[in-house]
Amino acid sequence: MKATRKKTKAATAVAIGDPTAGDDRQARSLVTPEGVDLKLRLGDAGERAAALLIDLLIMVAALIAFALLAGLAMIGSKGKGGEVIGTVAVLVFFVLRNLYFVLFELTPGAATPGKRAMGLRVAARNGGRLTADAIFARNAMREIELYLPLSFLAVQGDQVGAWISLAGLLWCAVFLLFPLFNRDRLRVGDLVAGTWVVKAPTRKLAPDLVETSRPAVERFRFTMAQLDAYGVKELHVLEDVLRRYETKTIALVAARIRLKIGWNAAPDESNGDFLAAYYAGLRGRLESRLLLGKRRKDKFDKS
Amino acid sequence: MAELHLKSYRFRAEREADWRRLERLLTKVGKGSAKALSDEELLALPVLYRQALSSLSVARATSLDQGLVDYLESLSTRAYFLVYGTRSNFLERLGGFFGHAWPDAAKALWRETLASFLLTLVGVLAAYFLTLHDPDWFSAFVPGDLAGGRGPTASVEAMRATLYDQGEHKGLSVFAAFLFTHNSGVAIFAFALGFAFCLPTSMLMAYNGAMLGAFLAAFGMKGLAFEAGGWLAIHGVTEISAVILAGAAGLRIGWTLAFPGDLSRPAAMAQAGRQSATLMGGVVVMLFCAGILEGVGRQVIQNDFARYGIGLVTLVAWPAYLYLPRRRSVVG
């Protein structure tokens, strides 16, 4: 169980035919004990900032909701429940400030609502279990990364206050930008805890394009030469185009391919059907060559 | 037709049901807790996970359907985190924490604890003698709102009154909760500040000691040393020990950042951070006890000897719990 940085990123990307991995600087390899590389992606700065913002908003909303409830309770008890409400208020504030992140990251999802919304989760950098002490450590550091600068920003007024605010802003900037100055996008808290924030998007299984387009493709027959015009890279681009299905792009790509393979369109031929049929044909051709151990990278690959 | 000969199409058709089942299990766990799964589902989980992993390997090598490969990557990653992620339940974790993790961390950080203790001691002694020598120092060490009318200028009677709380027990739990949260905040802050190469944490420790020393001097000058000792002992032993441990945790972080030792800096930091964090968990527990002792115990118990008694018990109990050698559990 070892997470190693991918040194031969480009080579691997070619070998597995992933068109995006070659220039993906956020990709990190995580090799499971079973020996499969899961190829994690790190959460980028924007997503993490958005996640933090969502969490802060939730915390503020919770505080406001609690204040309203406490006010109602005070009115309801005619001031007699003051002590209980006061105690609860102090503890609620403490829990929100210090335990909000910890408690949510201790759940199996290892993510706060904000992270969940952005498809992020916390993971141990060594690929092992994410332990409670690591979660505590990464969030205790928020004290100097987040709350201290915020309290500096709250200082207003006289000359001294302004200087303190400035110092606070500088401090804030150092910690705010810290993740941008290391490869793994670590916060100070991540550094101290041995964690990182990775993407854990939940993808739906998209329908197989070959299956969905089957009724339409019966009438198309392509020759071997026509199917040999393209390679894996173009197939993936075509897949992307078909999945998005924007009429303009479809028309454009269809015209391009017809020209390339010398296809004479029938008068009532739909662009979408033509592309779906060509996709099915091309994939079949490339897959049968894969069985012989030949992966044709792109249209320039002569193998 | 071509698609009937597509291996990737058949491959998917044969395995899709298993993937879907794994996906359903993952969604179930994501919504509730790990307890949401039945025994049968728990047993099926690792099997389905390995099937998804092998499907991913095969799909990467033979399928040109990028949507399928993406899906399997996401599915396998989610399942990996569940299978190899945190799964021990809350009670087990709690048992492990009190059973060995916390005392182990305290033992491992004994050097930092000693340093933190000495810094506090230096603060106490310096402030004590400075204040005895020149009472004006008191206000330099103790901020006005914390002094609360105490100080070298106050009368003996007024000082005595702050040590005992006659009859008025209202708002005790609010006070206890406030003390607990305030002190925990300070402790976490001391820990986090350690990151800046120990310096702020060291200063915080010395300053914390200085406040204590100045207080003791102020009471000592009025001949109230014994009474003030009792007032302090009942909760102070627990509270000051907790703050010293928090300082130790901070020092370990800062020290490791400066001198990572044999490991790479990130690896050393991660190790030190986890160990210190465990200790910090213990600090919060101690501060909770101190908050109750201070907010409730000190108000209810007005007898000096009883106060000293409780102080003495805590003075023996905490070190005994943390540092006495204990039998290793075989599992660890």
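Modeller: Between chain B and chain A of this predicted model, there are 19 residue pairs in polar contact, both residues at pLDDT 80 or more; a polar contact is a pair of N or O atoms within 3.5 Å, where within protein one must be able to donate a hydrogen and the other to accept it, and residues adjacent in sequence count only if both atoms are side-chain atoms. On the side of chain B that touches chain A, at least two residues each are supplied by helix H1 (7-31), helix H2 (39-62), helix H3 (66-84), helix H9 (172-193) and helix H12 (265-300) of chain B, helices being DSSP runs of H or I with at least four residues, numbered from the N terminus. H3(B) gives the largest share of that side, 14 residues, and by class the side holds 35 nonpolar, 19 polar and 16 charged residues, where Ala, Val, Leu, Ile, Met, Phe, Trp, Tyr, Cys and Pro count as nonpolar, Asp, Glu, Lys and Arg as charged, and the others, Gly among them, as polar.

There are also four salt bridges between chain B and chain A, each a side-chain nitrogen of Lys or Arg within 4 Å of a carboxyl oxygen of Asp or Glu; one of them joins Lys39(A) to Glu73(B), whose closest N and O atoms are 3.2 Å apart. In contact (heavy atoms within 4.5 Å) are 70 residues from chain B and 78 residues from chain A. The area buried between the chains is about 6,400 Å², 64% of it from carbon and sulfur atoms, counted as the accessible area (1.4 Å probe) that two parts lose on being put together, summed over both.

The largest nonpolar core has 76 residues, of which Met141(A), Phe195(B) and Met280(B) touch the most other members; such a core is a set of buried Ala, Val, Leu, Ile, Met, Phe, Trp, Tyr and Cys residues joined through side-chain atoms within 4.5 Å, buried meaning under 20% relative accessible area (1.4 Å probe, protein chains only). H3(B) again gives the largest share, eleven residues. Leaving aside neighbours within four places in sequence, Phe195(B) is in contact with residues including Met141(A), Ile144(A), Phe175(A) and Ile253(B).

As for conventions, residues are numbered from 1 along each chain as its sequence is written, and chains are lettered from A and ligands numbered from 1 in the order in which they are written. Local features need pLDDT of at least 70 and side-chain atom pairs count only at pLDDT 80 or more, while totals for chains, interfaces and linings use all residues, and side-chain values use heavy atoms, with hydrogens and water left out.

Definitions and conventions
Buried < 20%, exposed > 50% of the residue type's maximum accessible area, 1.4 Å probe, protein only.
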